[in-house]
Amino acid sequence: MDSVELCRELAIIIISAEVFGLLSEKLNIPRVAGEIIAGLVIGPSLLNVVQSSDFISVLAELGVIMLMFTAGLDTNMSDLRETGLKALLIACAGVAVPLVCGTLLYMAFYGFGAVGTAQFCQGIFIGTILTATSVSITVQTLKELGKLSTKVGTAIVSAAVIDDVIGIIVLTLVIGTNNAGTSIGTVLLRTALFFVFAFAAGHFLLKLFRFLDRKWPHTHRISVMALAVAFLFAFLAEYVFGVADITGAYAAGVILCQLSDAGYISRKVDVNSYMIFSPVFFVSIGLQTNIRDIDSTVLLFSLAFVGVGLITKVIGCGGMARLLGFSSNDALKIGCGMMTRGEVALIVAQRGMALNVIDQKFFSSVILLIIVSSILTPIILKMFYLNKSFPHRQPSVQS
C-alpha cells in the first residue's frame, strides 16, 4: 500500500469516526461506540471501502498506549487514598464476580477445558473483558442529578479507579500465562519485579518532573517528555519484564498524575490522541469485525454476554456495598453505576485477539455490551434517584 492510498484511508477513517462520534453524542451514547460503528460501516461488514492493514494496526497500538497513559494521568491519588478499604473491597468484588461468571459463560457455550488449556485461557480472557468498568457516563449522570460528591457517587468513582488498576493487573497475568512454557509463578515474579521497578523509577521521575514543572510550568516540553516516559515504560514493561506494554503506559500515567501539571499534560496528550490515534484505534476494531460472519450461536452468546456483564457488576459491587453497610437502595445504585463498559474492555478484547487467544467474532459481543450498558445505566440511575416510590431520606444525609 503506497502513501497516497494510506492518506485516502486515513481521511475516510477520521471523517467517519467524527461523524458517527457526533451522532452518538447526540443520542447520549459514548463517542467510542460511534467510532466503532464507523469501522463497521466502512469495513468488511458493510461498505468495505477500508481494510485493516499493518500501518493502521501500528497507529491503533500507539492509540492504545496513549489512551492508557491518559487514564493513568487522570487518576486522583488523593481520592484513591481517602476511599480506604470499602472502595477496595467493592472493586475487588466487581472484578472477581464478572471474571468467574464470564469464564463460566464462555465454557457453557464452547466447552469446559482443564486449567492451562487453550479452552481455559479463552474462557479466562472473556471473563477478563467483563472486569473493566467505565464510569464516564455514570459520572455525567450523577453530575446532572447533583449526586457526584455524595457517599454513593464517591464510592462509585473511587471503586471504578481501583477496578481499572486491578483489571490491568489481571490482564497482565492472563497475557503472561498465555505464553507457551511460562508458569504462573514466573508471571507473578515478572509482574512483581515490574511494579518494584515502576515504584523505584517513579520515585526518581516524580522528583525530576516536579523540578522541571517548577522551572517550565505549562510548557510543551513537559508534555513531550511525559509522553516519552510513557512510551519508554511501555517498551520496558514488555521487552524487559514480559508485561503488557499498556500496563507500562498506565503505570507511567499513575506516577505523573501526582504532578501539579498532570491535567495540562493529559490535555496535551489528548489533543494528539483525539486527532488521529484514538479514532484509528476504535475504528480499527470495527474494521476487524465482520458482522456477516456472526452465526446464531455467536448472537445468542452475545446476548448472554451482555446479560452476564450487567448483572455481575450489580451482584459483585452492589452485593459488597450492602455487606459493607450501605442501604439496599444505595447498594443497587453503586452496582448499577458500575455496569458501564468502555475503552478498557475494548483494549482487553483487542489484546486477546492480537494474541490469537480469542476470535474476532467476539468483538461484536463487546460492542453490544458497551452500547447497551451505556444506554441503560443513566436510565436506571435516574429511576433510582427520581422515583418517588423509594423512601425519602432526611435532607441532611446525602447518598
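## Overall picture

The protein chain has 15 helices and 0 strands. Of its 399 residues, 53% count as buried. Its accessible surface comes to about 17700 Å², and 67% of that belongs to carbon and sulfur atoms. Among the contacts with a separation of 6 or more, 79% are between residues 24 or more positions apart.

## Confidence

The mean pLDDT of the protein chain is 82, with 89% of the residues at 70 or more. Over residues 388–399, however, the pLDDT is below 50. Beyond near neighbours in sequence, this stretch has 16 contacts in the model. Where pLDDT is low, the predicted coordinates should not be read in detail.

## Helix 9

Helix 9 covers residues 220–239, which makes 20 residues. From its first C-alpha to its last it reaches 28 Å, close to the 28 Å expected at 1.5 Å a residue.

The buried residues in helix 9 include I222, A226, L227, V229, A230 and F233. S223 is also buried, as are A234, L236 and A237.

## Salt bridges

Side chains of opposite charge can pair when their charged atoms come close. The count for this model is 3 salt bridges. Two of them involve R8: one is with E5, where the closest N and O atoms are 2.8 Å apart, and another is with E9, at 3.7 Å from N to O.

R8 and E5 both lie in helix 1 (residues 3–26), 3 residues apart, or about one turn of the helix. An α-helix has 3.6 residues a turn, so residues three or four places apart point the same way. E9 is buried because its relative accessible area is 5%, under the 20% cut-off.

The salt bridge between K333 and D330 has its closest N and O atoms 3.5 Å apart. Both residues lie in helix 13 (residues 328–337), again 3 residues apart. K333 and D330 are both buried.

## A nonpolar patch

Which residues make the nonpolar surface patch of about 340 Å²? The patch is made by L46, L47, V49 and I291. I291 sits in the loop between helix 11 (262–287) and helix 12 (296–323). I291 counts as partly exposed because its relative accessibility is 38%.

Methods:
Residues numbered from 1 in each chain as written. Predicted model: local features only at pLDDT ≥ 70, side-chain atom pairs only at ≥ 80, totals over all residues. Heavy atoms only, no water. Patch = residues over 30% accessible without salt bridge, like charges linked within 9 Å, V, L, I, M, F, W, Y side chains within 5 Å. Areas by Shrake-Rupley, 256 points an atom, 1.4 Å probe, with all protein chains shown as cover. Salt bridge = Lys/Arg side-chain N within 4 Å of Asp/Glu carboxyl O. Helix = DSSP H or I, 4+ residues; strand = E, 2+ residues; numbered from the N terminus. Buried < 20%, exposed > 50% of the residue type's maximum accessible area, 1.4 Å probe, protein only. pLDDT = per-residue confidence, 0-100. Contact = heavy atoms within 4.5 Å. Expected span 1.5 Å × (residues − 1).
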